[in-house]
Amino acid sequence: YSVITYGHVDDDVQTWLSAALTNQETCLESLENDKSKVDKGLMETSAKNLSQFISNSLSLFMMTSRAKNTNPNVVGGRRLLSDDFPTWVSGTERKLLEGSVDELEAHAVVALDGSGTHKSIGEALGLVASLEESGTTGGRSVIHVKAGTYQEYINIPTKQKNVMLIGDGLGKTIIVGSRNSEAGWTTYQSATVAAMGDGFIARDITFVNSAGPAKQQAVALRVGADKSVIFRCSIVGYQDTLYTHSKRQFYRETQIYGTVDFIFGNSAVVFQNCDIFARKPASTGLKNFVTAQGRSSPDQNTGISIHNCKISAASDLAPVKSNYETYLGRPWKQYSRTVVMQSYLDESINRAGWSPWAGGSALKTLYYGEYLNFGPGASTSGRVQWPGYHASITSTAAQGFTVGGFISGNLWLPSTGVSFDSGLIG
């Protein structure tokens, strides 16, 4: 670790090691769900051994990092900055997020009617990949997806970085798929759109998994891209709608719809000024869980932060919400971490707030917190009494889960051009 200094470099290393550990766990989960008759013993052993190695490396790194960081303005190993914008967004990218579609100089234009350069998003991604290899995109590949319903599955691999998808608006540019676990897809594979290349940005697009409420896991959008931004989008599904798989992510003015664990994964993610809607489950008696965070090591810098958002019943659930229970979250893994801050919670939220995972035992090791929420579902008087639950975290702790404190957003968001609040509101 002699090459590691402090500040955002520490953030990067912790993010990479956290993601590496998450990747191994995803492999193990896929192996467990694999229905083939292939002998999986050797692969499982190798994956578990590698997970242990990565976990040990992460623990050692955090020991050295904590020893260096004695600055009182560092929370959880992350330096808090007071700039209005995270500096990980360049001026060029800021224009891409703020500018009108007419002002964009897209490298590819997708249109179903043939008026663009391509009729499918997949073809456009292939073009910009070749342009990237020749160095003609200037570091950022911009694809304008015109209004229309695109029934295709999109995969932006790890090697394809800095892709930006720009649509014509919610309900206008729609990408739809229907893969689901009942049809034999793993949760990971079920995504309609998968964005794993760092620097991914999406704006003004609706992502849908149309499998329906009875098909179990069915992902509309999976993101494992570091320093990714989802802006003014809509993500629609039922169970496991949004897979915030790994690394640092930011969602702003975005709608997320679902039922069971519909925001899940093990990234370091902040949702800001978003509308989060619980939908009507497949049958009476089933419960809704807004989040299922999957942190498996206390050294991972991961968690879900919901800040200045609105969590409420969708139009199909609202008339019958008294027949269903909706919870803010449940712990998918041992060190699950989720906070809800300065957000509106409607009356559909169960008084207990949070639910245990069936058969799980993470109630002492999880970290769930609330901070200055409001609305009929925000009272903490009837909340769970778990050791890891904090009904009212301090303002200092809350600052650690803001854009500036949790995802080092001041270091990268300004270059994307997305609006954001670096710290707490007010």
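Modeller: Helices (H or I, at least four residues) and strands (E, at least two) are DSSP runs, numbered from the N terminus. Please remember that this is a predicted model, where local features need pLDDT of at least 70, side-chain atom pairs count only at pLDDT 80 or more, and totals for chains, interfaces and linings use all residues. Residues are numbered from 1 along each chain as its sequence is written, and side-chain values use heavy atoms, with hydrogens and water left out.

Colleague: Which helix gives the largest share of the lining of the largest pocket?

Modeller: A pocket here is an open set of points on a 1 Å grid over the protein atoms alone, where a 1.4 Å probe fits, with protein on both sides within 12 Å along at least five of seven lines; lining residues have an atom within 4 Å of a point. The largest pocket has 23 lining residues, and among those nearest its centre are Glu29 and Asn33. The largest share of the lining, five residues, comes from residues 8-33, which form helix 1.

Colleague: Are the residues on both faces of strand 19 buried or exposed?

Modeller: Buried means under 20% relative accessible area, exposed over 50%, and partly exposed in between (1.4 Å probe, protein chains only). In a regular strand the side chains alternate between the two faces of the sheet. In strand 19, Ala268, Val270 and Gln272 lie on one side and Val269 and Phe271 on the other, and all are buried.

Colleague: Which residue of strand 19 stands opposite Phe250?

Modeller: Two strands pair if DSSP finds at least two bridges between them. Strand 16 (residues 248-252) runs parallel to strand 19, joined by five bridges. Within strand 19, the residue opposite Phe250 is Val270.

Colleague: What are the edge strands of the open sheet of eight strands?

Modeller: That sheet has the order 5-8-11-14-17-20-23-26, with parallel pairing. Two of its strands pair on one side only, and these edge strands are strand 5 (148-151) and strand 26 (344-345).

Colleague: And which residue stands opposite Val208 in strand 14?

Modeller: Strand 11 (residues 206-209) and strand 14 (residues 234-236) run parallel, joined by three bridges. There, the residue opposite Val208 is Val236.
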